[in-house]
Amino acid sequence: MEEYKWDLSKIYSDDDHFYSDMDKVEQYIKKIENLKEDFKSNFKEIVTTMAESSEIMSRLYVYSHMKRDEDSRQSEGQKMALETESLNAKLEIILSFFNPSILSLDADELDILIKDNDLENYRAYLYKIFRYKKYTLSKEEEYIMGSLLELADAPVNSYYLLMNADMTFPFLEKAGERLTNANYVDMLRKNDSEIRKEAFEKMYSTLKNVKNSVSSMMYSNLKSLAIESKLRGFKSSREMKLFDDNIPVDVYDNLLQIIESYLPVLHRYYEIRKEHLGLEKQNIYDIYLPLSIDYDKKFSYEDAQEILIKALAPMGEDYIRDLKRAFTDNWVDVYPREGKRGGAYSWGEYKSDPYILMNYTGQLDSLFTLAHELGHSMHSFYSRKNNDYIYSSYSIFVAEVASTTNELLLLDYLIENAEDDIEKLHLVNHYVDSFKSTVFRQSMFAEFERETSALVDADNALTLEDFNDLYYKLNQKYFGDAVFLDRDIELEWTRIPHFYMGFYVYKYATGFSTAVTLSRNILDKKPGALKKYLEFLKDGGNNYPLDQLREAGADISKRETLNYAMQVFEEKVNLLEKLLKS
């Protein structure tokens with residue numbers, strides 16, 4: 001079974017090597033402590049030492065946490081993870097002087113330091129820090145802001161503990177198991193309407209017990225962002241959070257405008273569902289019910305490898321050659337086992353393989369999850385291979401593009417090679433539901449975030465009733481007349497942790513929309529499309545996300561790119577309707 005497990009010994013062959021690197025980081029910390037006393041004179045050594053220490057720290061952190069994830073019962077991995085977390089915090093503290101020191105310079109001073117110290121390769125990295133100068137306060141004010149950071153994080157920390165540690169959910173009589181945050185959506189997919197109804201009612205009866213507390217947390221979180229954005233000189237909380245990726249607020253607004261213009265297509269999809277399922281009343285807890293309940297095809301892990309190699313063949317011979325290494329070089333920890341962390345992810349460090357944690361079950365969802373994580377891993381593989389450490393990490397804004405492009409190529413292959421109409425129907429429904437969940441639903445969340453933050457930015461106090469009223473109206477707007485909205489759905493916002501991540505959810509929608517265009521460009525063999533896409537994977541953190549996607553062939557700042565994705569959604573809804581009628 002070793003061929004189905006990842007090989008972490010390629011990072012550290014034994015504990016001695018691991019702890020030797022721990023000692024190296026401790027030495028780097030002492031070195032930086034001495035160097036920082038004369039920032040300008042030691043500039044080159046400070047910059048290079050920072051990069052070296054951060055790279056080793058990343059290796060330690062990744063290895064220890066993956067070691068823990070492969071078997072959480074083993075104390076060795078737990079201990080290593082705790083030790084690296086402590087060391088990482090220590091390194092971050094000692095490096096905290098660097099950004100303020102860069103921001104204390106003027107542009108000419110920074111330019112001279114770069115030239116005199118032969119640090120041209122670090123220019124883009126340093127200027128990505130320097131661009132914050134306009135929004136940076138005095139040293140004394142920044143010290144106060146830093147001192148209050150823990151208080152600013154209090155709402156999200158309280159929310160996490162409330163929802164994951166203190167929340168107690170009731171037992172579901174019909175399903176025969178206890179309701180949890182993790183199994184809630186699975187309950188809504190059950191063919192038994194009584195199970196769906198009971199899960200919905202008990203979820204929201206539980207949330208009602210904490211609704212005022214969560215409302216207070218949400219308002220405090222928004223207020224904290226509003227205060228910080230004003231103090232720093234941003235026009236809004238949204239502008240401040242989008243500034244990290246150099247994204248204009250117009251991109252956000254264009255997304256929501258295009259989405260709104262295609263809501264009639266989404267509404268028609270819900271009407272099609274209602275008619276096909278024979279529902280006199282389609283409740284909000286019925287929208288996850290699959291249209292095709294007869295599809296239960298299984299895929300062995302070996303089948304999955306073969307399918308993915310064929311499905312991703314449009315990526316070219318080099319891509320497939322490198323992708324096969326995931327299966328031959330033990331990138332993937334494949335199957336669930338006792339003590340292993342659940343879920344899936346792609347991880348690794350600068351010099352390692354891009355490892356993948358899976359809990360493969362043979363279901364269609366597992367096949368798509370493997371395609372998704374391979375997309376991340378191939379992005380990381382090319383990004384690390386073609387860049388120095390400081391430019392090897394890509395932005396979260398583009399992180400889902402490569403993974404979703406892989407999924408869409410797989411979906412196209414499976415639809416083209418479906419054995420019968422039942423399988424084709426299931427796959428098309430999968431596409432439409434993925435689009436609905438990733439683009440439309442996340443856009444609804446993004447609109448909720450935009451409206452609530454704008455109100456708080458304008459010094460309005462928001463209560464539970466304000467949040468509920470706004471969220472319920474957005475549900476009416478996005479679901480249309482074919483879905484009956486139980487009033488309890490107004491509380492759904494209380495169970496969405498992403499609202500505490502500051503304008504994060506819109507990235508799901510833009511990422512999926514971009515992937516639609518890029519995957520179509522590749523499949524249609526548009527001149528230069530594949531080459532541009534592979535260059536995008538190789539760019540890492542050199543350029544800003546919008547520039548990367550523009551060069552790849554999908555300018556997300558243009559309405560045409562979003563319109564194209566919406567048109568593909570409409571095509572798939574039309575095909576779904578045709579398949580259901582036949």
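Leu-151 is exposed, at a relative accessible area of 61%. For this report, exposed means over 50% relative accessible area, buried means under 20%, and partly exposed is anything in between, with a 1.4 Å probe and protein chains only. Leu-151 sits in helix 8, residues 149-152. Helices here are DSSP runs of H or I with at least four residues, strands are E runs of at least two, and both are numbered from the N terminus.

Leu-151 also belongs to a nonpolar surface patch with Tyr-143, Ile-144 and Leu-148, and together they have about 470 Å² of accessible area. Patch members need over 30% relative accessible area and no salt bridge; nonpolar side chains (Val, Leu, Ile, Met, Phe, Trp, Tyr) are joined within 5 Å, like charges within 9 Å. The areas come from Shrake-Rupley with a 1.4 Å probe, and for residues only the protein chains shown count as cover.

## What you're looking at

This is a predicted model: local features need pLDDT of at least 70, side-chain atom pairs count only at pLDDT 80 or more, and totals for chains, interfaces and linings use all residues. Residues are numbered from 1 along each chain as its sequence is written, and side-chain values use heavy atoms, leaving out hydrogens and water.

Side chains of opposite charge can pair when their charged atoms come close. Count a salt bridge whenever a side-chain nitrogen of Lys or Arg is within 4 Å of a carboxyl oxygen of Asp or Glu, and the total is 54. One of them ties Asp-69 to Arg-341, with the closest N and O atoms 3.7 Å apart. That pair links distant parts of the chain, 272 residues apart: Asp-69 is in helix 2 (residues 43-70), while Arg-341 is in the loop between strand 3 (332-333) and strand 4 (345-346). Asp-69 is buried at 5% relative accessibility, whereas Arg-341 is partly exposed at 42%.

Lys-310 and Glu-306 pair up within helix 16, four residues apart or about one turn, with an N to O distance of 3.3 Å. Lys-310 is partly exposed at 44%, and Glu-306 is partly exposed at 44% as well. Elsewhere, salt bridges with shared partners join Asp-21, Lys-24, Glu-55, Arg-59, Glu-349 and Lys-351 into one network.

Asp-14, Asp-15, Asp-16 and Glu-76 gather in a negative surface patch. Asp and Glu count as negative, Lys and Arg as positive, and His and the chain ends are skipped; each charge is placed at NZ of Lys, CZ of Arg, CG of Asp or CD of Glu. Asp-14 comes in the segment before helix 1 (15-35) and is partly exposed at 32%.

## A buried loop leucine

Leu-291 is in the loop between helix 15 (263-277) and helix 16 (301-311), yet it is buried, at 6% relative accessible area. Beyond neighbours within four places in sequence, Leu-291 contacts (heavy atoms within 4.5 Å) Arg-273, His-276, Leu-277, Asn-429, Leu-576 and Leu-580. Leu-425 is 134 residues from Leu-291 in sequence, but their C-alpha atoms are 8.2 Å apart.

## Positive phi in two loops

Most residues other than glycine have a negative phi. Asp-118, though, has a positive phi near 55°. Asp-118 lies between helix 5 (107-116) and helix 6 (123-130), in a loop, and is exposed at 62%.

Asn-246 also has a positive phi, near 60°. The loop holding Asn-246 runs between helix 13 (237-243) and helix 14 (249-261), and Asn-246 is partly exposed at 36%.
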